[in-house]
Amino acid sequence: MENLVIDRILHNGKIITLDPQQPQVTALAIRRGEIVAVGDDVQILALAGRGTIRENLNERVLIPGLTDAHIHWEWTSKGLQSVNLFEVPSKEEALRRVAERAANTPAGEWITGWGWTQEVWEDRSFPTATDLDRAAPHHPVYLSAKSGHAGWANSLALRLSGIERSTAHPEGGQIVHNEQGEPSGLLLETAMNLVAERIPPLSPERLVEAMLQAQELALRSGLTGIHDFDNPSCLVALQILRERGQLGLRVVKQINRDWLEPAIASGLRSGFGDEWLRIGALKLFADGALGPRTAYMVDPYEGEPENRGISVLDKEEMLELVSRASQHGLASTIHAIGDRAMRDVLDVFEQVRQDEAEQGITPAQRRHRIEHVQIIHPDDKDRLAELKIIASMQPIHATSDYEMATRYWGARSYWAYNARYQADQGVVLAFGSDSPVEPFDPLKGIHAAVTRQRADGTPEGGWYPELRLTMDEALRGFTQGPAYAAGLEHRLGRLMPGYCADAVLLDRDLYAIEPQTIQETQVLGTMVGGDWRFGGV
């Protein structure tokens, strides 16, 4: 150690390492973006050389870097430049914002937006094309719902997309019609693509610019890494950022279904890449979402006896895809919201695990995941642990959705967003936000996991408060869980020798404060690879 040139020393701090052998230290030493020593101030400062930067943390708290294990990075980045409809309180306010954008946009250009949800509107009825026509008669308009599983288009957008009375529903989707049999403007699941694919894409250069803006916000929130679920266009922009030295986050890039065969032909396997940009897993969708009531359920929705949601991928085809991916070195990660979708996905993974075992492939070699695990049937509650499947969950969904879940799932909601049970069974939890469905601020996710309450303190006492996680469990869900899912558990998620120097400086100790005040915590600095990418000491 005495021959090493130490680049930077952080000392006089309260450093939470998440290393069970040495859970808290006051100082650490960094060389070439890697932690090389941790300990007390006397030990670590003795390693300083002539060029070592010494930074006094002034007894503030340093935690491992936080990772959002489920984010739509391109969608999030582009969303910063579109009409922001995130949980607007009424349809009228959504239309006002669209009209305002239309007034400043040349006629004929597309207007896009995201974030609306009819569940927060007074009558909770779905919007229509006619509504949008009043706000923007001379522009094609397409607005994604907060869930990402419904789209709202005006008449011009429908016409340009070739959607008319006789247009057939695409497999796994629905074109909603009004009482006259005409397309209403509401598109569910895969039907959304009929319009979305007509919108001119951003050039890679424009997308890079949008990502830089989003990256700055992510670093300010304490994120040092993300697991992305968008299309290859996102990977193109990420590679440009990496090439230019502008990539400040560590990224795991999932592969969507349409690009499985090109990935196999290219020889790509899970883990290909490095600690900055690497290939993750095959991403599939099993069903829809709770908001539009398209999540695939064992039993009908409350008050909707004919509605069990939508299965967007045939179970046999799902098995074929996951098996093929596994045979070529790719893990799979499958979106499942409803309990029937969860059951189907678990059935598929059970068969694939059996096939893998026969070939000597261990669960550690194929780190399969289920995205959301939003509601699970009690009969299936132990199967993630038995099959060693990672539960990629978003704690903030529980607090955001609890009123909807209670309304449409009733008493079944005990098994919704239930990370507590999975943690007790030893399932690896990898937490994220599903941004732009929810804000990508990880401290909001930690607050939701620990309190089961919204920022305003509702519901009083927490929604199913017995399902709350401890601070340690929540923090590990945003650090060690994502690191394991990425195959980087020996490099990320802790502050100890041999790990990347990714850390977040906070103004308070999350372990010592009242849980309700977590949301007041300020990120003072975010370090990635040994450099302060935001703020600092």
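Modeller: Leaving aside residues up to four places away in sequence, A102 touches I111, A135, A136 and H139, where contact means heavy atoms within 4.5 Å. This is a predicted model, in which local features need pLDDT of at least 70, side-chain atom pairs count only at pLDDT 80 or more, and totals for chains, interfaces and linings use all residues. Residues are numbered from 1 along each chain as its sequence is written, and side-chain values use heavy atoms, with hydrogens and water left out.

Colleague: Why is A102 called buried?

Modeller: Buried means under 20% relative accessible area, exposed over 50%, and partly exposed in between (1.4 Å probe, protein chains only). A102 has 12%, so A102 is buried. A102 sits in helix α3 (residues 91–103); helices here are DSSP runs of H or I with at least four residues, strands are runs of E with at least two, and both are numbered from the N terminus.

Colleague: What makes W116 and W152 an edge-to-face pair?

Modeller: Rings of Phe, Tyr and Trp (its six-membered ring) pair if their centres lie within 6.5 Å; planes under 30 degrees apart count as stacked, over 60 as edge-to-face and the rest as tilted. The structure holds 12 aromatic pairs. For W116 and W152 the centres are 5.7 Å apart and the planes make 75°, hence edge-to-face. W116 belongs to strand β10 (residues 111–116) and W152 to strand β12 (residues 150–153), so the pair ties together parts 36 residues apart in sequence.

Colleague: Are these two tryptophans buried or exposed?

Modeller: W116 has a relative accessible area of 0% and is therefore buried; W152, also at 0%, counts as buried.

Colleague: And why is the pair of Y414 and Y464 edge-to-face?

Modeller: Their ring centres are 5.7 Å apart and the planes stand at 80°, so the pair is edge-to-face. At 29% relative accessibility Y414 counts as partly exposed, and so does Y464 with 23%. Both belong to a cluster linked by ring pairs, with Y402, Y414, W415, Y417, Y421, W463 and Y464.

Colleague: Why are α13 and α15 called roughly perpendicular?

Modeller: Axes are lines fitted to C-alpha atoms, for helices over the stretch in contact, with angles from 0 to 180 degrees between N-to-C directions. Under 35 degrees counts as roughly parallel, over 145 as roughly antiparallel, 65 to 115 as roughly perpendicular and the rest as oblique. The axes of α13 (residues 395–409) and α15 (residues 442–451) cross at roughly 70° and come within 7 Å, so the two helices are roughly perpendicular.
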